[in-house]
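Please look through the sequence and the model shown here before reading my comments. They concern side-chain contacts.

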Amino acid sequence: MPPQLLPASAAAFAPRASSVNVVLGSKVEPWLTQTLKRINRVKRPLNSIPQHQRCLTETLSSPNAIWTLTSLMLDKAPESELRRDSNPLIEAIFNYQIIHVEAYIVHVDMVLRNEVAYKLTPGSIEALIEYHKEIYCVNAKADTYEWPEKEQHAKKLHEDFVQAINKFVFRTHVSALEGLEEEGAGELLCGKSEEVKNSIMGLLNKPLLPPPPKIVDVVRQPPLLPSSPIGANIWSQSTPSPAMPAPVEPWRVLPSSPSVTSSVDSNTPIWANMSLHEIQVPSPTVPYSQPFSTAGMFYSSPMVTSPIPALPLPSMLASQCGVGVGYGGFGWDRYQEYTTTI
């Protein structure tokens, strides 16, 4: 793509140049010759390219060579101050104004890009800046909620518009010069004014955006499990300290292992039915007892860690004198009388 070259007079805040930069090709289009002959009151010779270039340059450099690019219908006052009336014609007269956007030509290129460039006049720029500050920004602030830096954002929005409207340069095809009139003035034809209107309204209607919400990083705590190091510390803190169990009477200590009971039942069924209060069972030692405890929220049944004392055999009980161990009135001290019978 050829480079987009513009003169210094097309820069932002630059004054209008005394002469327009016009570059013609090696061949002049017939429509340009007819347009120059139509607008010149004094007949000038147009037989060569330099004559066409000189005539076009002098015409476009005239102080009266002001083009009307488009017309905008805008509000006269902020929305809260507009007049309300049942007659829409009265509302239109009192509430709206028409701003004619005017510009002058700063560059004509019929060699590289075949385009003509327009820059807005200071009067049009000033009218658009005043509307943006006094009406558009006021409406934008009224339509958004309050936040601490709202005024600074509105001020920045207006400053950006001032820069953008001063830098605005409208480019179009050189055929737009067919709308050239006397003294270099003219209007855009073939719907080009609608393009200018859309471009300027795009600069005017930049929204006043509030700051985006701050993203807060949510720190998710990992699940606390007894197996994790963090959970181990917490579970260990909630575990009550072990205490010495209270002494238990011998007759309250019962074996909790089903395997021991089943073995006794299968081997000596007679001793399983023996009265417990008649058997001297030594109490288990304290260090091997497992107290009932709840670790955290889990329940675990006490485990048997001490060996269960074996029940005494009949031969051991027979040696004890004066001790009667009976079942339903049967005494082992008279077992010799029953052996002969059996």
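The numbered points below take up aromatic rings, salt bridges and a surface patch in turn.

1. The model is predicted, so local features are given only at pLDDT of at least 70 and side-chain atom pairs only at pLDDT 80 or more, whereas totals for chains, interfaces and linings use all residues. Residues are numbered from 1 along each chain as its sequence is written, and side-chain values use heavy atoms, with hydrogens and water left out.

2. A search of the whole structure finds three aromatic pairs, a pair being rings of Phe, Tyr and Trp (its six-membered ring) with centres within 6.5 Å, called stacked if the planes are under 30 degrees apart, edge-to-face if over 60 and tilted for the rest. One of them joins Y118 and F170, tilted, at 6.4 Å centre to centre with 35° between the planes. Because Y118 belongs to strand β4 (residues 115-120) and F170 to strand β5 (residues 169-173), this pair ties together parts that are 52 residues apart in sequence; strands here are DSSP runs of E of at least two residues, and helices are runs of H or I of at least four, both numbered from the N terminus.

3. Both Y118 and F170 are buried, where buried means under 20% relative accessible area, exposed over 50% and partly exposed in between (1.4 Å probe, protein chains only). Together with W67, these two residues form one aromatic cluster.

4. E115 is buried at 6% relative accessible area, while R171 is partly exposed at 26%.

5. The search of the whole structure finds eight salt bridges. Among them, E182 and R41 meet at 3.1 Å, N to O, with E182 partly exposed at 41% and R41 exposed at 66%. Another links K156 and D160, with the closest N and O atoms 2.9 Å apart; these residues are four apart in helix α5 (residues 150-167), and so are separated by about one helical turn.

6. What makes up the nonpolar surface patch of about 340 Å²? The patch is made by L5, V23, V111 and L112, under a rule that takes residues with over 30% relative accessible area and no salt bridge, joining like charges within 9 Å and nonpolar side chains (Val, Leu, Ile, Met, Phe, Trp, Tyr) within 5 Å. Areas come from the Shrake-Rupley method with a 1.4 Å probe, and for residues only the protein chains shown count as cover.

Note on methods:
Salt bridge = Lys/Arg side-chain N within 4 Å of Asp/Glu carboxyl O.
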